[in-house]
Amino acid sequence: MERITEVQELRGIQMGILDEIHRFCTSRGITYFLSSGTLLGAVRHGGYIPWDDDLDLYMPRADYERFLTVYEDEKGVYRALNPKLERNYYYTFAKVVDTRTRMVEEETQGFEIGVYVDIFPIDYVSDDEHERERVFKKKHLLYKIRRCKLSKTCCLNNRLAWLCYRWLPIPLSAINGMIERLVVKREPTNTMCNMTEAGPSLRGCFPAKLLESAVDIDFEGKTYKTMVGYKEYLEHTYGDYMTLPPENERQHHHFEAWWK
């Protein structure tokens, strides 16, 4: 294998994946949005945040599930990883990977994964803040139990939860089912959130109207899609998003990637 050492080479592979997702979603009428730091980079820098090296997308739940059901790359270069179907898959959200590459990550020990683009489903949540808080607490515990099933060490701080986990073992499939029943809300509300384990805190939920439609946005000299309310989303998520953070808060990811 040949190691990928330059961030520009890594980004080039990720951009190839993004182009493929854009092409497929556009041809099938599937909605996606540039999100999180990728969207922030598009607005503030016209592309990647200078110290960033990953790409994040949002899809409304129905589009996310449809994408994972119908996506196929005829050339066999790209593959969508579905958390429901992949054995020993650590993450609770989908990724599209370049199968010609290999990423080395602590979280994916025992599961080979390529250079990827993250795709997060966006779900409706209760408009009642107290109900959202209850759901978030339960979701946090279930994700911790799930992590215990997939890692060598158990991270349950709550003794009662640990005893239940230890003496009443629950299959991973059952835990995944409980998580899905908790976080997937089909009936529309006025509030939406990324409810995966990588999702934001309770304060990270935002008005559903921000995702009512998609608009074009430039990223690295190409045109992609994001949410119509992207300015409000960025302000809600990052505050004064056009101001650069202090240098000590500019987090660099340390990647290890290879061509197979």
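Start with β1 and β12 (residues 257–259): three bridges join these strands, which run antiparallel. Strands here are DSSP runs of E with at least two residues, helices are runs of H or I with at least four, and both are numbered from the N terminus. Two strands pair if DSSP finds at least two bridges between them. Select Arg3; its bridge partner in β12 is Trp258.

This is a predicted model: local features need pLDDT of at least 70, side-chain atom pairs count only at pLDDT 80 or more, and totals for chains, interfaces and linings use all residues. Residues are numbered from 1 along each chain as its sequence is written, and side-chain values use heavy atoms, without hydrogens and water.

Now show the open sheet of three strands, in the order β1-β12-β6, with antiparallel pairing. Its edge strands, β1 (2–4) and β6 (101–103), each pair on one side only.

Next, select Asp54, Asp56, Asp118, Phe120 and Ala198. Of the 36 residues lining the largest pocket, these are the closest to its centre. A pocket is an open set of points on a 1 Å grid over the protein atoms alone, where a 1.4 Å probe fits, with protein on both sides within 12 Å along at least five of seven lines; lining residues have an atom within 4 Å of a point. Colour α1 (7–28), β3 (56–60), β7 (116–125) and α7 (230–238): each supplies at least two lining residues.

Finally, pick Gly37, Leu40, Ile49, Trp51 and Tyr238, the closest to the centre of the second largest pocket among its 19 lining residues. α2 gives the most to this lining, with four residues.
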